[in-house]
Amino acid sequence: MYRLVIWAALALFISSLGPSLAWAGKEPILDVGLVLNKNNIVVACSGGMRVRTGAQGPTVDRVSSNKKVTFTRAGNMVIGPSGRRAAAFRLESMVRSRHLSINGRSYRGYFVVQPATKGPGLNLINHIALEAYLKGVLKAEMLPSFHPEALKAQAVVSRTYAMRHRDTFRHLGFGLKATEQSQVYKGLAGEDPRTTAAVMATRGIVLTHNGEYIEASYCSSCGGRTEANENVWEGRPKPYTRSVRCDWCSDCPHFEWRAELSYEAIEKALNGHGWPLGAIKAIDLSYSDSGRVRYVVVTTVQGRQVY
C-alpha cells in the first residue's frame, strides 16, 4: 500500500483538522483476516478454548488448556473438533487473561474459522475491539523508542485509518488484513508498554473532515516531501493532503534509492503482468510538483503508445 502522510507532519494535521471521537457508546469491533485460504488451521489457547458454531451459536465443545485443535474444509463446511461440521466456528478463551494463538502468536479477542470466499481453503478471522487492535499495530508501524507525542500522533492516525477502511475487504468475508495492505497487526507480539500508553492516552480520538474520517495513509519516509492525494489516487484534491516539505526523513535508510532497468527487463515485467506491448522504443515521464513521476508513457517500436 502506498502511504502518503509521514508522522512528522501529523501534529500539523491534528491541529488543523481537530480531533473527533471514533464512536459514541459501544466500542467498535473490527474483524481482521489473520490466516487466509489455508488447507488447515491449528488453534490453541493456554487457558482452554470454548468452541461455538457460527458467529453467535451455542457452545458445542470445550478444549483443555494448550490442546491444539485443527480445522479443515469439506465443500462449504468447516470440520472442527470431533469431526463436527458447521458453516463456521467461533473460538473463545475460557480464561479472560489468556489468549488464543495461531502459528505461535497470541491475539486478543476471539477467532472465527470460515471457508474462504475465494479459494478452496479456510480463513481465520480475529474479531477484536478497536483499541485492543491498535495495541498490536503501533509497534509494527513506529519504533516504540520514538517520542511519546509522535507515538500519540501515530495512534490517532492508525485509529482513523482503521475506521475509514474497516470494510475494505468485506468481499472476502472480513474487513481488514493484518499486513501492509491495511496496517501491520501482530497481536500481543506487537505490543509494547510505550505504544500501549499512546493508544490509551488518545483513546477514541480520530481525525475527520466534513464529518468523515480522513484518508489517514502514512509512510516510513517521504523522501523530503509528501505528495498530493490526486497525484497518487487521482480524484479531487483534499485540503488535508497537500504536498508539504519534510525535514525529518533524511536519516531514513530509504530516503533516497536508485534502480536501473533495461527496456528488455521492463518488457518482460509488463508481459508477466498481462501487458504484452512488444519491443519498447521510448519511455517518457511527466512529474508532479514534488518531483515524483506522475505519468509514464511507453512507446513501442510499432508506434503504439500506452499511458
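1. His-165 lies in the loop that connects helix H4 (148-164) with strand S15 (176-177); helices (H or I, at least four residues) and strands (E, at least two) are DSSP runs, numbered from the N terminus. The model is predicted, so local features need pLDDT of at least 70 and side-chain atom pairs count only at pLDDT 80 or more, while totals for chains, interfaces and linings use all residues. Residues are numbered from 1 along each chain as its sequence is written, and side-chain values use heavy atoms, with hydrogens and water left out.

2. Is His-165 buried or exposed? His-165 is buried, because its relative accessible area is 16% and buried means under 20% (exposed is over 50%, partly exposed in between; 1.4 Å probe, protein chains only). The side chain of His-165 makes a polar contact of 2.7 Å with that of Glu-215. Such a contact is a pair of N or O atoms within 3.5 Å; within protein, one must be able to donate a hydrogen and the other to accept it, and residues adjacent in sequence count only if both atoms are side-chain atoms. Leaving aside residues up to four places away in sequence, His-165 touches Gly-175, Leu-176 and Glu-215, where contact means heavy atoms within 4.5 Å.

3. S15 also takes part in an open sheet of seven strands, ordered S6-S5-S10-S13-S14-S3-S15, with mixed pairing; two strands pair if DSSP finds at least two bridges between them. Strand S6 (59-63) and S15 are at the edges with a single partner strand each, so one side of each has no neighbour in the sheet. Strand S3 (residues 29-38) and S15 run parallel and are joined by two bridges. Gly-33 has Lys-177 in S15 as its bridge partner.

4. Phe-111 belongs to strand S13 (residues 110-115). Phe-111 counts as buried because its relative accessibility is 0%. Residues that Phe-111 touches, not counting those up to four places away in sequence, include Leu-34, Val-43, Phe-89, Leu-91, Leu-100, Ile-102, Leu-124 and Ile-125. Arg-90, Ser-101 and Asn-126 are also among them. Between Phe-111 and His-127 the C-alpha to C-alpha distance is 6.1 Å, at a sequence separation of 16 residues.

5. Val-43, one of the residues touched by Phe-111, has Val-69 in S7 as its bridge partner. Strand S4 (residues 40-45) pairs with strand S7 (residues 69-74) over four bridges, in the antiparallel sense. S7 is in turn joined to strand S8 (residues 77-79) by three bridges, again antiparallel, and Arg-73 stands opposite Val-78 in S8. The hairpin of S7 and S8 has two residues between the strands, and in it Gly-75 takes a positive phi near 65°.

6. An open sheet of three strands has the order S19-S20-S21 and antiparallel pairing. Its edge strands, strand S19 (280-287) and strand S21 (305-306), each pair on one side only. Strand S20 (residues 293-300) is joined to S21 by two bridges, and Val-298 has Val-306 in S21 as its bridge partner.

7. For the chain as a whole, the secondary structure comes to six helices and 21 strands. Of the 307 residues, 46% count as buried. Among contacts with a separation of 6 or more, 63% are between residues 24 or more positions apart. The C-alpha atoms fill a box of roughly 65 × 50 × 35 Å along the principal axes.
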